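Please walk through this model with its helices and side chains in view, taking one site at a time.

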Amino acid sequence: MTEPVRTRKPAAVRRAEIMAAADAEFALWGLSGAGIEAIAARVGVSHPRVVQMFGSKLDLFLEVVRAAYDRIETTFESAEPTLGALGDAYRHLLQSQPTVGAVLLQAYAAAGEEVVKESVRQRQLALQQTVTRLTGADPMQVRSFVATGLVLTVSTVLDLPDRRADAQWGAWIIGLADSPTHGP
């Protein structure tokens, strides 16, 4: 009886599989709760193979967080350059790729780790700069946009009933920032 021949997958394919598995695990369990063993099991590889490709669990987590921010940036870059359109595009991203919002919340929760805090801080600031560059929004509008996005993220991840994650509510928040009576 002969055993079937196992073909090795190219490293890029295996890396993508591990990233997808890590995305799912970290979205569910966060940095402290997820395990490399569970990630490896999802893909059918060994724990040492994951470590060989990514280093530590922390390194893999940071890679997953960067990928989530990359998806948001790509979404913003492909949207019409208005705050409303970017907000709608983000809402659609959260609904179509639920791990994005969960990974962001897990990254904020893991910010007690200095390296996580610094990485997330840099990406958050870069994302705000992207919003400014694309839309020409002033600092108050960008802060309102980011605050609205956080509420949208939490509402979507928690699947809150009657959540205020609609375009009309987002436009109302952005409208407050545009108001001549708003404070600093």
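**A threonine and its surroundings**

Leaving aside residues up to four places away in sequence, Thr 130 touches Glu 73 and Glu 77, where contact means heavy atoms within 4.5 Å. This is a predicted model, in which local features need pLDDT of at least 70 and side-chain atom pairs count only at pLDDT 80 or more, while totals for chains, interfaces and linings use all residues. Residues are numbered from 1 along each chain as its sequence is written, and side-chain values use heavy atoms, with hydrogens and water left out.

Thr 130 is found in helix α7 (residues 114–135), helices being DSSP runs of H or I of at least four residues, numbered from the N terminus. Thr 130 counts as buried because its relative accessibility is 7% (buried means under 20% relative accessible area, exposed over 50%, partly exposed in between, with a 1.4 Å probe and protein chains only).

Turning to the aromatic rings, the count comes to 3 aromatic pairs, with rings of Phe, Tyr and Trp (its six-membered ring) pairing if their centres lie within 6.5 Å, and planes under 30 degrees apart counting as stacked, over 60 as edge-to-face and the rest as tilted. Phe 26 and Phe 61 form an edge-to-face pair, 5.1 Å centre to centre with 80 degrees between the planes. This pair links distant parts of the chain, since Phe 26 lies in helix α1 and Phe 61 in helix α4 (residues 57–78), 35 residues apart. Phe 26 is buried, at 0% relative accessibility, and Phe 61 is buried with a relative accessible area of 0%. Ring pairs also link Phe 76, Tyr 90 and Phe 145 into a cluster.

Methods. Helices (H or I, at least four residues) and strands (E, at least two) are DSSP runs, numbered from the N terminus.
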